[in-house]
Amino acid sequence: MNISPFKKTALLLLSALLFLLTGCGKKKTLGYEVLSKLDDEQFSVAFRSDDPLRDMVSAALEEVAAEGLLSRLSEQYLGNDYSCLSGTPGALETLGGSMPPNRPLRVGVQDGAAPLSWKDDSGNFTGMIPDLVNAVAAKLGCEVVYCEIRVEDVEVELGSGNVDCAWLPASFPASEDYSLSPAWMQNSHLLVVRQGSGLNRVKDLKNHNIGVTDSTSELALKNNSKIYDSVTIWTYADIRSCFTALSTGECDALIIDNIVSMNYLG
C-alpha cells in the first residue's frame, strides 16, 4: 500500500507526540506517600466557659448524630465515617430551654480546609462543617452567622464575643478560658513525602523543611518526634498550597489530617 508523503509525515508526527505523552510507554505522575502517623485526636466544638449555649448546641448535635446525619456527611465529604458521636434522640427536649429569640448563632470556622470548610466563589462558607452547623441551627431554630477564624485565635475570638463557638477541624487543648462539646470526629496527623524522595524514616527529615497549615499540625510533630528542633517549619494558607510547595520542592514533607488524605493521596 502506498502512503502519500503528507500522510507519512502526519503519522510520524503523531507517533512522536504519543511517544512524548507516554514517556516511552510509561505514564509518569508525581505521587505522594505517608511516611508516618504522628498522633490521634478528636474534634470538639469550643465555647466560652460556663456559657449555657454549650449544652444547647451539644444537645442539638447529639440529635443530629442520632439521626445518622453526622455519619452520612462524613461519608459524603470524606469517603469514610470518621464520626465518634453516637448521639442521643430527644436530647434537646430532655435539656429544656431555647435560644433567645432573634439571636443568631455566631460560628467561627476556618477557610481553606476543604472538604471540611472553605469559601466558595461567592464568599460563602461551604463544606461538611457548615452543613453540620446548619443542621444543628435548624434544630435550635436560629440563623447562623459565619466568621473566619484561626485555630491560634480561638480563645481571643470567644473571649471578645466575636463568635459564640469555634467549629474547627482541630483538637483544642484544655483551658479555663473555654469549654468543649462532646467529641464529634476522630482524626490523626500524617507525615507525607514525595514518592521516591529518599526520605524513608522520620529521622531522615533532619535539616529539611516541613509544611503545615496550622499550629495543631506543628504540635503533632513537636510532641512525637525527636527531630523537631532540627527541621524548619513552613506555614501555608491551606492544604492545597502545602501540596504545591511539596511538588515544587519548596518543602520536603507535609503534615496533613488523615480525614482529608484520600483527596490528595489517592
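Reader: Hi! Quick one to start: is Lys 139 buried, partly exposed or exposed?

Author: Lys 139 counts as partly exposed, at 30% relative accessibility. Keep in mind that this is a predicted model.

Reader: Thanks. Which residue does Lys 139 form a salt bridge with?

Author: Its partner is Glu 67, and the closest N and O atoms of the two are 2.3 Å apart. Lys 139 sits in helix α5, while Glu 67 is in the loop between α2 (53–66) and α3 (69–78), so this pair ties together parts that are 72 residues apart in sequence.

Reader: And Glu 67, is that one buried, partly exposed or exposed?

Author: Glu 67 counts as partly exposed, with 48% relative accessibility.

Reader: Let's stay with α5 for a moment. How many residues does helix α5 have, and how far does it reach?

Author: α5 covers residues 128–140, which makes 13 residues. From its first C-alpha to its last it reaches 19 Å, close to the 18 Å expected at 1.5 Å a residue.

Reader: Which residues of α5 are buried?

Author: The buried ones are Met 128, Ile 129, Pro 130, Leu 132, Val 133, Ala 135, Val 136, Ala 137 and Leu 140.

Reader: What follows α5?

Author: Gly 141 does, and its phi is positive, near 70°.

Reader: Back to charges, then. How many salt bridges does the structure hold?

Author: There are 10 salt bridges in the structure. One of them joins the side chains of Asp 164 and Arg 48, at 3.2 Å from N to O. That pair links distant parts of the chain, 116 residues apart: Asp 164 is in the loop between α6 and β7 (165–166), and Arg 48 is in strand β2 (residues 46–48).

Reader: Where do those two stand on accessibility, buried or exposed or in between?

Author: Asp 164 is buried, with a relative accessible area of 5%. Arg 48 is partly exposed, and its relative accessible area is 21%.

Reader: Which Arg forms a salt bridge with Asp 164 at 2.9 Å?

Author: That one is Arg 103, with 2.9 Å between the closest N and O atoms. This pair also links distant parts of the chain, with Arg 103 in the loop between α4 (91–95) and β3 (105–109) and Asp 164 in the loop between α6 and β7, 61 residues apart. Arg 103 is partly exposed, at a relative accessible area of 30%.

Reader: Is Cys 242 buried or exposed?

Author: Cys 242 is buried, with a relative accessible area of 1%. Cys 84, on the other hand, is partly exposed at 28%.

Reader: Okay, pockets. How much space lies in the largest pocket?

Author: About 290 Å³. The largest pocket is lined by 17 residues, and those nearest its centre are Ser 171, Phe 172, Pro 173, Thr 216 and Leu 219. The elements giving two or more residues to that lining are β1 (32–43), α6 (154–159) and α7 (215–224).

Reader: Which element gives the largest share of that lining?

Author: α7 does, with five residues. By class, the lining of the largest pocket has seven nonpolar, five polar and five charged residues.

Reader: What about the second largest pocket, how much space lies there?

Author: The second largest pocket has about 200 Å³ of space. It is lined by 13 residues, with Gln 110, Asp 111, Arg 150, Thr 213 and Ala 237 closest to its centre. Four of the lining residues are nonpolar, four polar and five charged.

Reader: Last one: how many cavities of 30 Å³ or more does a search find?

Author: One cavity of 30 Å³ or more is found in the whole structure. The largest cavity has a volume of about 170 Å³. Of the 16 residues lining it, Ala 113, Thr 213, Asp 214, Ile 239 and Asp 257 are closest to its centre.

Reader: Which strand gives the largest share of the lining of the largest cavity?

Author: Strand β12 (residues 253–257) does, with three residues. The lining of the largest cavity divides into nine nonpolar, four polar and three charged residues.

Conventions
Residues numbered from 1 in each chain as written. Predicted model: local features only at pLDDT ≥ 70, side-chain atom pairs only at ≥ 80, totals over all residues. Heavy atoms only, no water. 1 Å grid on protein atoms, 1.4 Å probe; cavity = no way out; pocket = protein on both sides within 12 Å on 5 of 7 lines; lining within 4 Å. Points joined across faces, edges and corners; volume = space filled by probe spheres on them. Helix = DSSP H or I, 4+ residues; strand = E, 2+ residues; numbered from the N terminus. Nonpolar A, V, L, I, M, F, W, Y, C, P; charged D, E, K, R; others polar. Buried < 20%, exposed > 50% of the residue type's maximum accessible area, 1.4 Å probe, protein only. Expected span 1.5 Å × (residues − 1). Salt bridge = Lys/Arg side-chain N within 4 Å of Asp/Glu carboxyl O.
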